[in-house]
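Please look over the sequence and the model before reading on.

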Amino acid sequence: RSSDLPKNITALLSQLIVLKLNGGLGTSMGCKGPKSLISVRNENTFLDLTVQQIKHLNEAHGCDVPLVLMNSFHTDQETEDILKKYTHCGVTTETFTQIGRA
């Protein structure tokens, strides 16, 4: 219930980011790319659902909580390509590639 939320919820949310691990390949699940691109519900992927949830949060509270994806070398390019479809959806997205130990 919105009455249970702090009065400064927008200010608090402005300090938040959503960070998701996005380095795993979905090969064991029949996917040839990142697990986040597996269709899970009504043709929506895990990534679609995550973006929809963040968009709802941003719209409901007038904030800009960004989605940051930590990719692996194997998932980085495909993720960058798919993120283009979210350009105008009202969710800021960023990525970076994890670096393994030498």
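In what order do the elements of the protein run from the N terminus on?

## Overall architecture

The order is α-β-β-β-α-β-α-β, and the protein has three helices and five strands. Helices (H or I, at least four residues) and strands (E, at least two) are DSSP runs, numbered from the N terminus. This is a predicted model, in which local features need pLDDT of at least 70 and side-chain atom pairs count only at pLDDT 80 or more, while totals for chains, interfaces and linings use all residues. Residues are numbered from 1 along each chain as its sequence is written, and side-chain values use heavy atoms, with hydrogens and water left out.

Along the principal axes, the C-alpha atoms fill a box of roughly 45 × 40 × 25 Å. Of the 102 residues in the protein, 32% are buried, that is, under 20% relative accessible area with a 1.4 Å probe, counting protein chains only.

## The sheet and its helices

Three strands form an open sheet with parallel pairing, in the order E1-E4-E5; two strands pair if DSSP finds at least two bridges between them. Strand E1 (18–22) and strand E5 (93–97) are the edge strands, each pairing on one side only. E1 and E4 run parallel and are joined by five bridges, and Val18 stands opposite Leu67 in E4.

Helix H2 packs on the sheet and touches E1 and E4, where contact means heavy atoms within 4.5 Å. The direction of H2 makes about 155 degrees with that of E4; axes are lines fitted to C-alpha atoms, for helices over the stretch in contact, and angles run from 0 to 180 degrees between N-to-C directions. Helix H3 (residues 76–83) also packs on the sheet, touching E1, E4 and E5.

## The nonpolar core

The largest nonpolar core has 14 residues, and Leu47, Val51, Leu67, Tyr86 and Val91 have the most contacts inside it. Such a core is a set of buried Ala, Val, Leu, Ile, Met, Phe, Trp, Tyr and Cys residues joined through side-chain atoms within 4.5 Å. Helix H1 (9–13), helix H2 (46–61) and E4 each supply at least two residues of this core. The largest share, three residues, comes from H2.

Among the residues that Leu67 touches are Val18, Leu47, Val51 and Val91.

## Asn71 in strand E4

Asn71 lies in strand E4 (residues 67–71). Asn71 counts as buried because its relative accessibility is 0%. Its contacts include Asn22, Asp76, Thr79 and Thr95.

Notes:
Buried means under 20% relative accessible area, exposed over 50%, partly exposed in between (1.4 Å probe, protein chains only). Lists of a residue's contacts leave out its neighbours within four places in sequence.
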